Amino acid sequence: MWDTLLLAFALMLVIEGLLPFLLPSVWRETFRKLIEAGDSQIRFIGLTSMLAGLLLLYFVN
């Protein structure tokens with residue numbers, strides 16, 4: 001189980017590193033907009049992201 005968890009964490013780091021590596025200006029602008037967003041908007045984005053991940057996990061398994 002630990003191997004799978006570490007593999008998933010490593011893959012997450014690779015995927016999250018793609019945007020700043022390939023398009024740094026887009027990444028910077030995205031964070032600029034995120035800083036200006038309210039707490040409720042950021043929570044909604046986080047909730048949507050978690051639900052999408054859970055849905056993907058459900059369909060993969």
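**Notebook: aromatic pairs, a salt bridge, helices and a pocket**

I searched the whole structure for aromatic pairs and found two, where a pair means that rings of Phe, Tyr or Trp (its six-membered ring) have centres within 6.5 Å, with planes under 30 degrees apart called stacked, over 60 edge-to-face and the rest tilted. For Tyr-58 and Phe-59 I noted ring centres 5.6 Å apart and planes at 70 degrees, so this pair is edge-to-face.

Before going on, I wrote down that this is a predicted model, in which local features need pLDDT of at least 70 and side-chain atom pairs count only at pLDDT 80 or more, while totals for chains, interfaces and linings use all residues. Residues are numbered from 1 along each chain as its sequence is written, and side-chain values use heavy atoms, with hydrogens and water left out.

Next I looked up accessibility, for which buried means under 20% relative accessible area, exposed over 50% and partly exposed in between (1.4 Å probe, protein chains only). Tyr-58 counts as exposed at 63% relative accessibility, and Phe-59 counts as exposed at 62%.

I then searched for salt bridges (a side-chain nitrogen of Lys or Arg within 4 Å of a carboxyl oxygen of Asp or Glu), and the whole structure gave one. Arg-32 forms a salt bridge with Glu-29, and their closest N and O atoms are 3.0 Å apart. Both residues sit in helix H2 (residues 24-36), and being three residues apart there, they are separated by about one helical turn. I read Arg-32 as partly exposed, at a relative accessible area of 43%, and Glu-29 as partly exposed too, at 34%.

For the helices, I kept in mind that they are DSSP runs (H or I, at least four residues; strands are E, at least two), numbered from the N terminus, and that the expected span is 1.5 Å times one less than the number of residues. H1 has 21 residues and should span 30 Å, which agrees with its end C-alpha atoms being 30 Å apart. H3 has 22 residues and reaches 31 Å from its first C-alpha to its last, close to the 32 Å expected.

Last, I looked up the largest pocket, whose volume is about 480 Å³. A pocket here is an open set of points on a 1 Å grid over the protein atoms alone, where a 1.4 Å probe fits, with protein on both sides within 12 Å along at least five of seven lines, and lining residues have an atom within 4 Å of a point; the volume is the space filled by probe spheres set on the points, which are joined across faces, edges and corners. Among the lining residues I noted Leu-11, Met-12, Met-50 and Leu-57. H3 gives the most to this lining, with six residues. Leu-11 is found in helix H1 and counts as exposed at 51% relative accessibility.
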